[in-house]
Amino acid sequence: MPGAPGISLTIRDVRVVPYALAFRQPFATAREAIALRRGFTVWVADTAGRWGVGEAAPLPGFGMERLEECAAALEAGRGALTGREIALPRSWSPRLQPGFGILPDADLRPAARHGLECALLDLATQQAGIPLSRWFHPLAATQVPVNATVGAAAPEEAARQAEEQVARGFTTLKIKVGVGGDAADAARLAAVRAAAGPAVRLRIDANEAWDEAQALRMLRRLAPLGVEYAEQPVPATEIDAMARLSAASPVPVAADEMVTTEARALAVLRARAAHVLVLKPMALGGLIAALRVAHRALAGGVPVVLTTMLEGVYARMAAVHAAAALPALAAGRVVLPACGLATGHLLREDLVALPPLPQRGSFAVPAAPGLGIGGTPP
């Protein structure tokens, strides 16, 4: 609200705690199979004894800092914050700069900025007595629809996974493609469509696996199966190829790995290189940066999808709060796809004993002040 007083915090203590969370099964990236998700929880206390929490968890392959660089940036942020008074606005606006100027961007890399910023926002909205979602927008939604994922499995297994997720209430499924060849991809998607039925939305994720010609050929082949969109079908460096594909494809094209910074996201929008933007707050350097990009995209009629980077519960639920603001920001200009935030089940363990899980294909947005998860540093 214009003219409303801001939120003032005096920071008494900042703690950074490393973590390593095991996956139920090793998670394959373009470079390696990851058995542990490593990162840091960031805890910030004010003089009233409240604690805010965030997560900083860089992931290889997204242009982010290495784990040791993240640790160094968090230590610098800890020194800059301790004993300092921080003034935050009463609510988010697209003019708000990410990170609140804790440190220059050159010294505060994306994951570290995400962790510190999230902890401050959790603490500030606890003080204000509102859930974080309502700091992002006073008309934030109370439910966030999310998709389930079907892996790059054989058709019978992919169909089994699809049936299981539809039975759990998911109405959007993301299917991994670009694995095993064109015929295998087509058979997998056909099996999922047959198992899920005609009403379930199917999106595919190629993870940069195709070149431009193969992508166009495959999207024409798969279009009759009713594909909501194809995520990053060509390499993230090839913005011109993405623009040509977006113009020619019968299936909408989404940019994901291509959107690693605000500047890159705006370049994609200017080039009309995608019909949908997939936004990862951790890679973009925080929730504020992600919503700045979302605001620009939605104003131009381009839908956005918020997703995780397989982090722990604090980062996932922070993204849920941010995603709750998207319908209000869209203001009816676009139809918003389901977000990609239902990834907690991939972890064998998490940062709290009973992390929130989606029910019937949606996350309930916590109504308690702040992130609404609670906890104190170990």
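Select Asp350 and Arg316 to begin: the two form a salt bridge, with their closest N and O atoms 2.7 Å apart. A salt bridge here is a side-chain nitrogen of Lys or Arg within 4 Å of a carboxyl oxygen of Asp or Glu. Asp350 sits in the loop between α12 and β13 and Arg316 in helix α11 (residues 313-323), so the pair ties together parts that are 34 residues apart in sequence. Asp350 and Arg316 are both buried; buried means under 20% relative accessible area, exposed means over 50%, and partly exposed is in between (1.4 Å probe, protein chains only).

Before moving on, note that this is a predicted model, in which local features need pLDDT of at least 70 and side-chain atom pairs count only at pLDDT 80 or more, while totals for chains, interfaces and linings use all residues. Residues are numbered from 1 along each chain as its sequence is written, and side-chain values use heavy atoms, with hydrogens and water left out.

**Helix α11**

Helices (H or I, at least four residues) and strands (E, at least two) are DSSP runs, numbered from the N terminus. In α11, 11 of the 11 residues are buried, so this helix is largely enclosed by the rest of the structure. Among its buried residues are Val313, Tyr314, Met317, Val320 and His321.

Across the whole structure, a search finds 18 salt bridges. For another of them, select Lys174 and Glu231, whose side chains meet at 3.5 Å, N to O. Lys174 belongs to strand β7 (residues 172-176) and Glu231 to strand β9 (residues 227-231), so this pair ties together parts that are 57 residues apart in sequence. Lys174 and Glu231 are both buried.

Next, select Arg244 and Glu212. Their salt bridge has its closest N and O atoms 2.8 Å apart. The pair links distant parts of the chain, with Arg244 in helix α7 (residues 239-248) and Glu212 in helix α6, 32 residues apart. Arg244 counts as partly exposed, at 47% relative accessibility, and Glu212 also counts as partly exposed, at 25%.

**Ser249**

From α7, step along to Ser249, in the loop between α7 and β10 (253-255). Ser249 is buried, with a relative accessible area of 12%. What lies 2.6 Å from a polar atom of the Ser249 side chain? The backbone oxygen of Val251 does. This is a polar contact, that is, a pair of N or O atoms within 3.5 Å; within protein, one must be able to donate a hydrogen and the other to accept it, and residues adjacent in sequence count only if both atoms are side-chain atoms. Leaving aside neighbours within four places in sequence, Ser249 is in contact (heavy atoms within 4.5 Å) with Leu216 and Leu219.

Now select Glu65, in the loop between β3 (51-56) and α1 (67-81). Glu65 is buried yet has no salt bridge. Which side chain of opposite charge is nearest to Glu65? That is Arg109, 4.8 Å away; Lys and Arg count as positive and Asp and Glu as negative, while His and the chain ends are not counted. The Glu65 side chain reaches the backbone nitrogen of Ala111 at 3.1 Å and the backbone nitrogen of Ala112 at 3.0 Å. Beyond its neighbours within four places in sequence, Glu65 is in contact with residues including Pro58, Cys70 and Pro110.

**Helices α1 and α2**

Show α1 together with helix α2 (residues 110-128). The two pack at an angle of about 35°, with their axes 8 Å apart. Axes are lines fitted to C-alpha atoms, for helices over the stretch in contact, and angles run from 0 to 180 degrees between N-to-C directions. From α1, Cys70, Ala73, Leu74, Gly77 and Leu81 make the contact, and from α2, Ala111, Ala112, Leu116 and Leu120 do.

**Two loops with positive phi**

Select Glu208, in the loop between β8 (201-205) and α6 (212-222). Phi of Glu208 is positive, near 70°, and Glu208 is partly exposed, with a relative accessible area of 30%. Then select Arg360, in the loop between α12 (326-330) and β13 (362-364). Arg360 has a positive phi of about 50° and is exposed, with a relative accessible area of 59%.
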